[in-house]
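Keep the sequence and the 3D view side by side as you read.

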Amino acid sequence: MILAALLTSVGINLGLCFIFFTLYSILRKQPGNISVYAPRLVAEGKCQEGDQFNSACLLPTAGWVRKAWETSEEEFLSTAGLDAFVFMRIFVLSLKIFTFGAIVGLLILLPINYMGSQLRDNSDFQNKSLDSFSISNVNNGSNRLWIHFFAAYVFTGVVCILLYYEYEYISSKRIACFYSSKPEPHHFTILVRGIPVPLGSTCTDIVERFFQENHPSTYHSHSVVRRSSKLQILITDAERLYQRLTQLEHKDNAPQRHRCDGCLGLFGHKVDMVDNYEKTLGDIADNVRIEQSLVAGKEVPAAFVSFKSRFDAAIALNIQEGVNPTDWITEQAPEPHDVYWPFFSVTFIRRWISKLVAYVACNVLTILFFIPVALVQGLTHLDQLETMFPSLRCILRMAVVSQVITGYLPILILQMFLSFVPPIMIMLSSLQGYISWSQTQKSACAKVLWFTIWNIFLANVLSGSALYRLTIFLEPKEFPRVLAEAVPAQASFFIAYVVTFGWTTIASELFQLIPLFYNYINKIFGGDNGGDDFEAPSIPYHSEIPRILFFGLLGVIFFILAPLILPFLLVYFCLGYIIYRNQLLNVYVAKYQTGGEFWPTVHNDAIFSLVLMHIIVIGIFGMKKLPVASALTLPLPILTLLFNEYCQKRFFPIFKAYPAECLIKKDREDRNDPNMSEFYDKLANAYNDPALMPIKYSGRFGSHKLPLLQCSEV
């Protein structure tokens, strides 16, 4: 790619970002868009949506930037939660790392690269290849390469220092949030599975007898899980139908209330939709009562067992409960609203098969993704396109067309295919048998991250310039040399990737195009976004965290190879810091809190990026006829891995479980809390299956508001 093509891509994406920012600053002030741009405030009752159009608010302003910037860390933490706080620390860490990297890279490494003559590019400045600004342009055997060698050591040291202090800071915040938190049910509760139930006994009796005998002074209560998948489906259908009914009852428009009962509502007899929905909802309520009566005998050999203190729950969690290690298996209970109840309705064999299917499907998806990757790489090489389509040679040689095709179109196609990956990974993770939504999302986050690294980085590198070396790539000795030859050749592609995919994605996150479109469609066809059932969205960590970490990986790897990427990355992280602070304060609401458990993934990704950079640099120095520098770089990945091992010993246990010191201190504080008796009353019913709770819908079926299965039986 030449410099002019990059500038074309920068111009296009700057224009898109400007349009997104301008439209956002106008649309966010319209009363009818409150549920799109401030759903969190609507859900909290801090503002209400209106229908009128406000022509006085058509002037774009940047007040939201100042508000997002001025919010203090403590205020942000109390509003958005620890997970959102940790998410924002990814941007803070990245800005620290790449500010230092940009100073060294742009002021020292970039001029050295440009002054080289290895590539012999005699074009004028705007037509120069971006490879002229990379390490590939430094002459083989040049002593200037020693500056790159020292830069690799200094950069690694700075990154490790920043990682250490950030890990320490996040750990201290995790402990501080635990100390300041109110008593939470999941701190007092464990999940017990593999309960041996003899014939003629019930799981409820066995659990109560076992824990009263073995934990007589600490056992509090339990909730046996029941197989309620069919009941959950009925409840979901009732909730959707009730929402439609509520929307219709709030509308006075007769055409919206009366529709034909035939195909697509266009044919047949006209019926009153309110009466029709009420009748259907009453039938579902009757079916719910019948199914609730049947669920009483569908016990699963699993139960949520609660204790009188956090420390007692931790003891029960970390010791073997029964003689047979396959019985009475314990694990930490998630938050009550985080429990994935369908997990308990699936047998062990089905879960095992589902795990295998998810593993195979993930690998198949990885292989199939080579097709769009190969397509994208074909577009970055105009000579290949001219060979495949000789009739288009004249068009392809036009300056504007060639710049758009090589600088913008490949990334756009790749982004389109990549958008399907996070939903697929969530689906595959849900098949693996996790007991909570948070565990499912963490699993999907790891899958998307490694899928992105493999398919967007390694696959692009291999398919773009080293496809014929795949057999050599399988030999470990050739690994540094293959990457050293392949990665610098793809520097221009990844610079364009940051500009095209990074900038526009972060700007479109602010604009919220899909929710905005849905909001207008909903208003046109008589929908209602407000009301008591309004629910704000939650941030999809499984797609956002991998995307941000991948840009960090690109910055670390190309710091030495092509430092021209660093200013574009700084723009991305600056935009992301402001935009996501605004979104987390106004748009997203946390559905659960993991206590910052995503941070070890962030740390491990940074270590992986450093080691990969070291391997490539070792190969680069060898390829550049500087074997001494290559040999002296060998200790660098070893030292980095030793540093990571220390961090794993020092910090990671805090993210697995809270220390006994913290648990005992909180338990002592609770002894003086007058509200603990009320908390214990709620704890006894905290883990009852929501499908067994009373139906909240009113209407002609109001007499069926109590479940047949009472809470005391659960």
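The model is predicted. Start with helix H27, which covers residues 599–623. This helix has 25 residues. From its first C-alpha to its last it reaches 36 Å, close to the 36 Å expected at 1.5 Å a residue. Is H27 enclosed or open? Of its 25 residues, 19 are buried, so the helix is largely enclosed by the rest of the structure. Just after H27, Lys-625 takes a positive phi of about 60 degrees.

Now look at the loop between H26 and H27. Glu-597 lies in this loop. Glu-597 forms a salt bridge with Lys-442, and their closest N and O atoms are 2.4 Å apart. Lys-442 belongs to helix H20, residues 437–465, so the pair ties together parts that are 155 residues apart in sequence. Lys-442 has a relative accessible area of 25%, which makes it partly exposed. Glu-597 is partly exposed too, with a value of 26%.

Salt bridges turn up elsewhere. The count comes to 15. Side chains of opposite charge can pair when their charged atoms come close. Take Lys-96 and Glu-166. Their closest N and O atoms are 3.9 Å apart, and they form a salt bridge. The cut-off for a salt bridge is 4 Å, so this pair qualifies. Lys-96 is in helix H6 (residues 82–115) and Glu-166 is in helix H7 (residues 145–180), so the bridge ties together parts that are 70 residues apart in sequence. The two partners differ in their surroundings. Lys-96 is partly exposed, because its relative accessibility is 38%. Glu-166 is buried, because its relative accessibility is 3%.

Another bridge stays within one helix. Arg-547 and Glu-544 form a salt bridge, with the closest N and O atoms 3.0 Å apart. These residues are three residues apart in helix H25 (residues 541–561), so about one helical turn separates them. An α-helix has 3.6 residues a turn, so residues three or four places apart point the same way. Glu-544 counts as buried, because its relative accessibility is 6%.

Turn next to the aromatic rings. The structure has 50 aromatic pairs. In one of them, Phe-20 and Phe-511, the ring centres are 5.4 Å apart and the planes stand at 35 degrees, so the pair is tilted. This pair links distant parts of the chain, 491 residues apart. Phe-20 sits in helix H1 (residues 3–27), and Phe-511 sits in helix H23 (residues 491–511). Both Phe-20 and Phe-511 are buried.

Helix H23 also takes part in another pair through Trp-503. Trp-503 and Phe-568 are tilted, with 6.0 Å from centre to centre and 50 degrees between the planes. Phe-568 is in helix H26 (residues 565–586), and the partners are 65 residues apart.

The charged end of Arg-174 sits over the ring of Tyr-658, 4.4 Å from its centre. The charged end of Lys-665 sits over the ring of Tyr-179, 4.5 Å from its centre.

One more contact joins separate parts of the chain. Leu-412 and Phe-501 are 89 residues apart along the chain, yet their C-alpha atoms are separated by 7.2 Å. Leu-412 is found in helix H18 (residues 409–418). Leu-412 is partly exposed, because its relative accessibility is 37%.

Finish at the surface. A nonpolar patch lies there, with about 1100 Å² of accessible area together. Its members include Ile-349, Trp-352, Tyr-359, Ile-371 and Leu-431. Which helix gives the most to this patch? Helix H13 (residues 348–368) does, with nine residues. Val-357 is one of the patch residues, and it is found in helix H13. Val-357 counts as partly exposed, because its relative accessibility is 44%.

Note on methods: Residues numbered from 1 in each chain as written. Predicted model: local features only at pLDDT ≥ 70, side-chain atom pairs only at ≥ 80, totals over all residues. Heavy atoms only, no water. Patch = residues over 30% accessible without salt bridge, like charges linked within 9 Å, V, L, I, M, F, W, Y side chains within 5 Å. Areas by Shrake-Rupley, 256 points an atom, 1.4 Å probe, with all protein chains shown as cover. Salt bridge = Lys/Arg side-chain N within 4 Å of Asp/Glu carboxyl O. Helix = DSSP H or I, 4+ residues; strand = E, 2+ residues; numbered from the N terminus. Buried < 20%, exposed > 50% of the residue type's maximum accessible area, 1.4 Å probe, protein only. Expected span 1.5 Å × (residues − 1). Phe/Tyr/Trp six-rings, centres within 6.5 Å; stacked < 30°, edge-to-face > 60°. Lys NZ or Arg CZ within 6 Å of the ring centre and 35° of its normal.
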